[in-house]
Amino acid sequence: MNLRNKLSDFRVICFVYLVMVIVPWLRIWLTGKFDLDYSIFYHSFWHAWQQMPLYIIYPEDDNYFLYGPLFPLLMAPLAVLPYQLGRLCWMLIITYVPYWSIRQSFFSRSQQLFILWFIAVEAYTCILDSESNSLILACILFSFYFIEKEKDFWAALLIALGTVTKIYGIVGLAFFFFSCHKLKFAGWVVAWTIILLVLPMLVFGVDYVWQEYHAWYDVLVHKNDLNQFAAGQNISLLGIVRKVSGIASYSDLWLIVPGVIAFCIPYLRLQQYQNMAFREAMLASVLMFVVLFSTGSESYGYIIAMAGVAIWYTTVPWKRNKWDLALMIFAFIITSMSPSDLFPKQIWRELIKPYSLKALPVVFIWLKLTYELYTRDYSSE
């Protein structure tokens, strides 16, 4: 089997992803290093179980817990396992659930292969720190898939789940206009949201969970303020403008409102809704938009945006040109590779990291995608 055939074999990709899990899991376990994010997730269940505040910094975690009160309940099956076994299960989940969401999609075999290889670096970044952004990607992809399959019940569940755990999942509502059963879909979104908001109350108590919802809102507002100029946060279009300008006084709404308008304008092209390529382009736009217009965007979140970039490049019915290829290479080098040891550290430390320029290639691609959504015909050739 030659190299091309190996790279086109899903068993090879599946094995590579498994190696990306096992190696860091063993390294952290055997060296006794601190796994910050999984520690926070693990302790969130026990803090909730013992009726302790979720949204303060505990010495054993050294950072804020930023997920909704439902999240500790979802962590229960892993939290009751031996710590390292639970951590391994978590790393497998954050790796193979998004892998499965891409394999179950409507993308062609070649498109799936390209997307899985293209986001591999970002997937590894999430695995290294046990981050959950890959699960948000899976929620968005599955919600799109289920709407396309007219399974509004499941699409609504995933949108509600992504929303009440990490807010980002709410962008799945962008696919509302593609649903064939809009009233049914809206009804299920409301129903599932109520169910998932109430569910942790059945386990941890009504008063405690209600209090923690208020605390969750407060910590998100506080974290938003902290993120503005933080080196490892606000890696977004908002962050680029904020950090390059050095101005703290303006509101991000000056960028968010035009961004939302630009994002929504393609919905006016009703005749394009019938084209799968157009709907997939809107999916790509959603995946990039949610990262580019959030002050909470971290390096780990770019598994979401880079999946959008790969979908943008591969799913159009026309042939991509050399400038599109140049943008893809630019994105891979600056967005995916710049935090790695293969990239010049001085450029990373002094230019890319301080000014959130990891987001810059995705900004260019999202703007080009938006222009294409305004002007191009997505009917199959």
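A helix here is a DSSP run of H or I with at least four residues, and helices are numbered from the N terminus. The legends below describe a predicted model.

**Figure 1. The largest pocket and the helices that line it.** Helix α12 gives the most to the lining of the largest pocket, with 5 residues. The elements that give two or more residues to this lining are α3 (36–49), α10 (152–166), α12 (206–227), α14 (253–264) and α15. About 1200 Å³ of space lies in the pocket. Its lining counts 45 residues, and K166, Y168, S294, G296 and S297 are the closest to the centre. Divided by class, the lining of the largest pocket has 27 nonpolar, 11 polar and 7 charged residues.

**Figure 2. The second largest pocket.** This pocket holds about 630 Å³ of space. There are 25 lining residues, of which T125, L128, D129, Y300 and P339 are the closest to the centre. Two or more residues each come from α2 (10–31), α3 and α8. Helix α8 gives the most, with 5 residues. The lining of the second largest pocket comprises 12 nonpolar, 5 polar and 8 charged residues.

**Figure 3. The largest cavity.** Searching the whole structure gives 3 cavities of 30 Å³ or more. The largest cavity has about 60 Å³ of space. Its lining is formed by Y17, I94, T95, P98, Y99, I102, L116, I119, A123, C126, S134 and I303. The elements that give two or more residues to this lining are α6 (83–103) and α8 (120–128). Helix α6 gives the most, with 5 residues. In the lining of the largest cavity, 10 residues are nonpolar, 2 are polar and no residue is charged.

**Figure 4. The salt bridge between K358 and E122.** The structure holds 9 salt bridges. One of them joins the side chains of K358 and E122, at 3.4 Å from N to O. K358 is in the loop between α18 (345–352) and α19 (360–375), while E122 is in helix α8, so the pair ties together parts that are 236 residues apart in sequence. Buried means under 20% relative accessible area. K358 therefore counts as buried at 2% relative accessibility, and E122 is buried with a relative accessible area of 0%.

**Figure 5. The salt bridge between E148 and R279.** In this pair the closest N and O atoms are 2.7 Å apart.

**Figure 6. The salt-bridge network of R320, D324, K368 and E372.** Salt bridges link R320, D324, K368 and E372 in a network. Within the salt bridge of K368 with D324, the closest N and O atoms are 3.0 Å apart. K368 lies in helix α19 and D324 in helix α17 (residues 322–337), so this pair ties together parts that are 44 residues apart in sequence. K368 is partly exposed, with a relative accessible area of 26%, whereas D324 is buried, with a relative accessible area of 2%.

**Figure 7. A nonpolar surface patch.** W49, V190, I194, L197, V198, L199, L202 and V203 make a nonpolar surface patch of about 720 Å². Helix α11 (residues 182–204) contributes the largest share, 7 residues. L199 is found in helix α11. With a relative accessible area of 33%, L199 is partly exposed.

How values were computed
Residues are numbered from 1 along each chain as its sequence is written. This is a predicted model: local features need pLDDT of at least 70, side-chain atom pairs count only at pLDDT 80 or more; totals for chains, interfaces and linings use all residues. Side-chain values use heavy atoms; hydrogens and water are left out. Patches are made of residues with over 30% relative accessible area and no salt bridge: like charges are joined within 9 Å, nonpolar side chains (Val, Leu, Ile, Met, Phe, Trp, Tyr) within 5 Å. Accessible areas come from the Shrake-Rupley method with a 1.4 Å probe; for residues, only the protein chains shown count as cover. A salt bridge is a side-chain nitrogen of Lys or Arg within 4 Å of a carboxyl oxygen of Asp or Glu. Buried means under 20% relative accessible area, exposed over 50%, partly exposed in between (1.4 Å probe, protein chains only). On a 1 Å grid over the protein atoms alone, a cavity is a set of points where a 1.4 Å probe fits but cannot get out, and a pocket is an open set with protein on both sides within 12 Å along at least five of seven lines; lining residues have an atom within 4 Å of a point. Grid points are joined across faces, edges and corners, and a volume is the space filled by probe spheres set on the points. Ala, Val, Leu, Ile, Met, Phe, Trp, Tyr, Cys and Pro count as nonpolar, Asp, Glu, Lys and Arg as charged, and the others, Gly among them, as polar.
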